[in-house]
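This report covers selected local features of one protein model. The sequence and structure come before the details.

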Amino acid sequence: MKEELNKIKLACVQEIENAREVNGLEEVRVKYLGKKGELTLILRNMGNVSAEERPLIGKMVNETREEIEKELTTKKAKLEEEAILKSLENAKKIDFSIPAEDTLGSLHPITVVQREIEEIFKSMGFTVEEGFEVESEYNNFEAVNVPKYHPARDMQDTFWLENGELLKTHTSAAQNRIMRKYNGPLKAIFPGRCFRNEDLDASHENTFFQLEGMMIDKDISVSNLIYFMKIMLSEVFGKEVNVRLRPGYFPFVEPGFELDASCMYCGGKGCKVCKNSGWIELCPCGLIHPKVLEMGGINPDEYSGFAFGLGLARLAMMKYSITDIRLLNSGDLRFLKPIGLN
Ligand code: FA5
């Protein structure tokens with residue numbers, strides 16, 4: 001029996017040595033150690049062995065099995081290492097410096113418009129400030145004169161967090177922090193992502209970008225607001241754009257307005273886009289409410305200021321003639337080609 005076991009072991013070790021792949025090793029394992037394997041069959045036939053010999057032969061079979069398993073494990077590790085080295089060797093042959101064709105991509109249309117507006121305002125002495133996406137209730141609402149239970153809160157269906165904070169519903173949430181940073185005259189814009197629990201349609205998303213602007217100094221009036229908005233729009237659209245103000249209500253501005261831009265498609269004559277009115281509604285704005293200035297640590301008797309809150313998606317849609325806001329977050333790149341960004 002000892003001889004027979006030795007023969008099996010030698011044959012098996014030879015086959016293990018010859019194996020060139022992990023799959024081949026598995027075949028060897030099955031052939032010798034599997035349910036119908038040569039070694040297993042010997043154990044099965046132990047019934048024919050005398051009672052005295054049985055423990056001894058059982059021990060020999062188990063030892064042989066252990067030795068074969070050890071050989072298999074060692075060879076498997078060796079083959080796996082060789083496979084890794086081979087794949088690394090092949091990887092060296094890939095030339096990563098070859099330029100990719102047609103796959104370079106582009107900036108997102110919102111990013112393009114945002115950067116353009118940032119450059120325009122920076123050239124007029126504005127700073128670009130950072131805002132947070134998670135904000136306190138105070139900054140988002142109270143500091144902009146929207147106390148608890150104020151009906152204006154209903155206009156912005158809010159995503160609340162369990163700790164009482166929220167996902168900012170508008171970029172105005174950064175006003176208080178920026179006022180406290182400068183403690184006086186300032187010219188700042190602050191773009192950022194906003195969140196509202198909206199019913200989605202072609203012009204409403206639950207996640208969208210706004211760009212807010214604020215200027216505070218002595219004797220700031222509505223004329224300053226009109227001047228900067230006109231310059232910004234004319235630069236973005238590459239032609240003179242006129243603006244007009246209609247009354248609008250926001251608790252953080254007094255007086256408050258809706259700013260319309262003269263239709264950049266028909267120049268104000270009236271077309272399908274502006275519904276024949278010659279004007280396109282662009283963004284809310286106004287003179288900063290004295291209470292908001294006060295909460296920002298700025299004396300409203302000494303200073304005044306304007307603020308506006310531009311929907312960046314709306315501007316990008318106008319600039320690139322995009323008809324559905326949902327395309328902007330869709331990840332479907334097909335809409336980029338017709339607008340020359342792909
Ligand atoms: C505000 O958010 C005010 N904080 C703006 C403001 C700032 C007023 C400073 C006065 C002074 P409103 O909710 O209207 O206002 O949003 C401003 C712009 O953001 C809208 O004109 C629109 O272009 C964009 N916007 C608002 N909600 C959505 C939405 N769900 N999806 C896409 N764009 C939106």
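In which loop is Tyr149 found? The answer opens the account below, which concerns a predicted model.

## Residues with positive phi

Tyr149 is found in the loop that runs between helix H6 (137-140) and strand S3 (166-167). Although Tyr149 is not a glycine, its phi is positive, at about 70°. Its relative accessible area is 79%, so Tyr149 counts as exposed.

Asn183 is another non-glycine residue with a positive phi, here about 55°. The loop that holds Asn183 lies between helix H7 (175-182) and strand S4 (186-195). With a relative accessible area of 54%, Asn183 is exposed.

## Strand S9 and its partners

Strand S9 covers residues 304-311 and is mostly covered, with 6 of its 8 residues buried. Strand S5 (residues 207-217) runs antiparallel to S9 and is joined to it by 8 bridges. In this pairing, Ile216 stands opposite Gly305 of S9.

Strand S8 (residues 279-288) is also antiparallel to S9, with 3 bridges between them. Gly286 has Ala307 in S9 as its bridge partner.

## A cis peptide bond

The peptide bond from Glu254 to Pro255 is cis, and its omega is near 0°. Pro255 belongs to strand S7 (residues 253-262).

Searching the whole structure gives 1 cavity of 30 Å³ or more. The largest cavity holds about 60 Å³ of space. Its lining consists of Val146, Ala152, Met155, Gln156, His170, Phe250, Pro251 and Phe252. Of these lining residues, 6 are nonpolar and 2 are polar, with no charged residue.

Conventions
Residues are numbered from 1 along each chain as its sequence is written. This is a predicted model: local features need pLDDT of at least 70, side-chain atom pairs count only at pLDDT 80 or more; totals for chains, interfaces and linings use all residues. Side-chain values use heavy atoms; hydrogens and water are left out. Buried means under 20% relative accessible area, exposed over 50%, partly exposed in between (1.4 Å probe, protein chains only). Helices (H or I, at least four residues) and strands (E, at least two) are DSSP runs, numbered from the N terminus. Two strands pair if DSSP finds at least two bridges between them. On a 1 Å grid over the protein atoms alone, a cavity is a set of points where a 1.4 Å probe fits but cannot get out, and a pocket is an open set with protein on both sides within 12 Å along at least five of seven lines; lining residues have an atom within 4 Å of a point. Grid points are joined across faces, edges and corners, and a volume is the space filled by probe spheres set on the points. Ala, Val, Leu, Ile, Met, Phe, Trp, Tyr, Cys and Pro count as nonpolar, Asp, Glu, Lys and Arg as charged, and the others, Gly among them, as polar.
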